[in-house]
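Here's a quick briefing on a few spots worth looking up in the model. Have the sequence and the 3D view open as you read.

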Amino acid sequence: MGFALNERQQRTLAALCETFNPRLEPAAGDVPAYFENSVSDRPVVARIVTLVRKLDESERSQTLKLLDQLGVPGRGWRMGGPIRSFESLSLDQRTGVVKKLLRSRDQKTKAIIRSIQRLSLQGSYVSNGANETTFDSQQEKLFKAIGYVDRNPQVPVVDHLSPAKLNPGQRQLACDYLVVGSGAAGAVMAAELAETGKRVLLVDSGDIVSRLELGQSETLANSRLESYGTFDCGSNAVLVTAAKTFGGGPVVNWGTCLDPPTSLLERWAADFGFHDAVSPDFQHSLFTVRRRLQVSDATSRLNRQNELLQTGLLRLGWKVRVLERNAVDCHSCDRCEFGCASGARQDTRETYLMDAQRLGVHLLPRCRIERLQFDGDRAIKALASMKNDADSDIELEISFREIVLCAGAIHTPAILLRSGILAPHLGKNLHCHPAAIVPAFHSLPVRGWEGAVQTIASDEWSAMDGAGHGIWLEAAPVHPGFAAMVLPWADAQHHKRLMQRIDRLSHTLVICRDRPSGRVGLDAQGRPKVFYSLDSRDDLNLQDGIVAALRVQQAAGAENAFLPTWDAVEFDLRLSENAPPQDLHDQVSRLRLTGRLKLFSAHQFSTCRLASSPNLGVVDCNARLYGKRNVFITDASSLPTATGVNPMLTITTWSHFLAQKIKAVTCA
């Protein structure tokens, strides 16, 4: 692509990034390493340029227009003197301009500045890892000051997954079953279909990464995430992220395993006609999957952060749940979400992908399905683009008898939309599990990056409307780059002083089971584009959840906490014998947080939902696409609604159960 920023736009962007994290002189009591740390020491500007390049033409134009408005003196800023360009202003003046932009009534302008802020702060602190060439002494000083160890003590086990190799010049492939997507749904589907003895090909746009890259650093882990709206121009209320690696979300998630709630399965049966959800066969699939993933609470040891969450919940008399994990012989390398190098976590790489490969399934990474070709009511061919060893695209044609789409709630509908499929619910009904993080500081060290990430939760508020919509409280990791995004920014000095104390920081995660408030479409280049607006009822549930998180942190002894907003709203949580507790609910309500919350999503659902009628969904109760004989969908896109709980176990069970249906209707 020929896109590039001109010199003035580059300088303006660099000045914006530097405003959020410049090099400053420390005062008494400050940690010098944090004040010496600057965004200019990291390749942040280059990363932002790469992300802007991936925007569609209109969003790219909006971003460049804003940079031009800031960068051209004639359209610049008057600060007690002549009109000047943004880059020529002092730090205090630039900070004042940025604060105005962050409060702008222009949603697109505000979204662009927020994106630059988020990327600048994360990029300034994200760990690179011992295996990275960019690892430097300055970063080591940052982490040493808080006791953060940027090295994985475990020795990686031997890689056991092998990608399929094409013959020289080969451009056509054939199989009986083509499975698209290798995550929680695709991995189990490939392994189950392979038991038929037929030829199975499993493709994924992600790569099979070496164990030397797993469990190492935030930088490497983030490279295995696909973010929609990382650089946002105002079309979404949430930052949507999903895995982009062979093995999918289970490789880089937090390892939490929760059964699908019985009330959820009953609602799927009642509202969508999927009566098998409450059948013994579905429970058998759940039992089978739990056994294969070795789900238990044997490694659910409490780190200090989960201990504090438990303490606060118990003092308030609220429900406490110990969370199960899919891990055995876990030695707490403190990097679950970076991928497991030791093989202790029984993710898709260790279980169903290994089973599939052993049963003869060919694994084809870096292969993106562009669209399907049809002959009447049958799909006959997939047109794909694959990266070769030279990182160049080669075009492939894959013929098949049956195809199962498991590419996720964003990419699965995109494939069908590019293929010309017309269905009333296709791409619609998107659920996102919008989530917010409430950061709180304690007087003693917490070190929220140590140990298992999530081992305690509360579902006290999981059914706030009586129909399963509500919130869960869990813990979230406190690695430096992640913490830098979560903590509020009032100005550079304020943020640095918060960052130098993150060893005392605890994150409470508020996760909401939402209503269908979004959709997936295509941009001008045919790439998936997410549109999501928070339902007003879910907005209120999240705000109540934030109050609950503040109360839990207060009960656990936190000194102060911040709301998950784009501005710095601080609460003093210290309790005094001479003063009654503050009414946190009234205080939060008066702040009118609608539109101000900093939200993200790691779970997406229902854009191709299953239902007993095409008037309600996209696929039937055998997971078959309505109107097509040999196209099936069994990933999170086919779930009728959001799960309300961490969904890995639900998705894997769902796909395992539907695999038996697919085998029955295709092998008869």
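**Ala174 and its contacts**

Once you set aside its neighbours within four places in sequence, Ala174 is in contact with Arg199 and Ser399 (contact means heavy atoms within 4.5 Å). Keep in mind that this is a predicted model, where local features need pLDDT of at least 70, side-chain atom pairs count only at pLDDT 80 or more, and totals for chains, interfaces and linings use all residues. Residues are numbered from 1 along each chain as its sequence is written, and side-chain values use heavy atoms, with hydrogens and water left out.

**More on Ala174**

- Ala174 sits in strand E3 (residues 172-174); helices (H or I, at least four residues) and strands (E, at least two) are DSSP runs, numbered from the N terminus.
- Ala174 is exposed, because its relative accessible area is 52% (buried is under 20%, exposed over 50%, partly exposed in between, with a 1.4 Å probe and protein chains only).
- Ala174 and Ile398 lie 224 residues apart in sequence, yet 5.5 Å apart in space, C-alpha to C-alpha.

- Most residues other than glycine have a negative phi.
- Gln294 isn't a glycine, but its phi is positive, near 55 degrees.
- You'll find Gln294 in the loop between helix H12 (280-293) and helix H13 (304-316), and it counts as partly exposed because its relative accessibility is 36%.
- Asp391 also has a positive phi without being glycine, near 65 degrees.
- Asp391 belongs to the loop between strand E13 (378-387) and strand E14 (393-399), and at 47% relative accessibility Asp391 is partly exposed.
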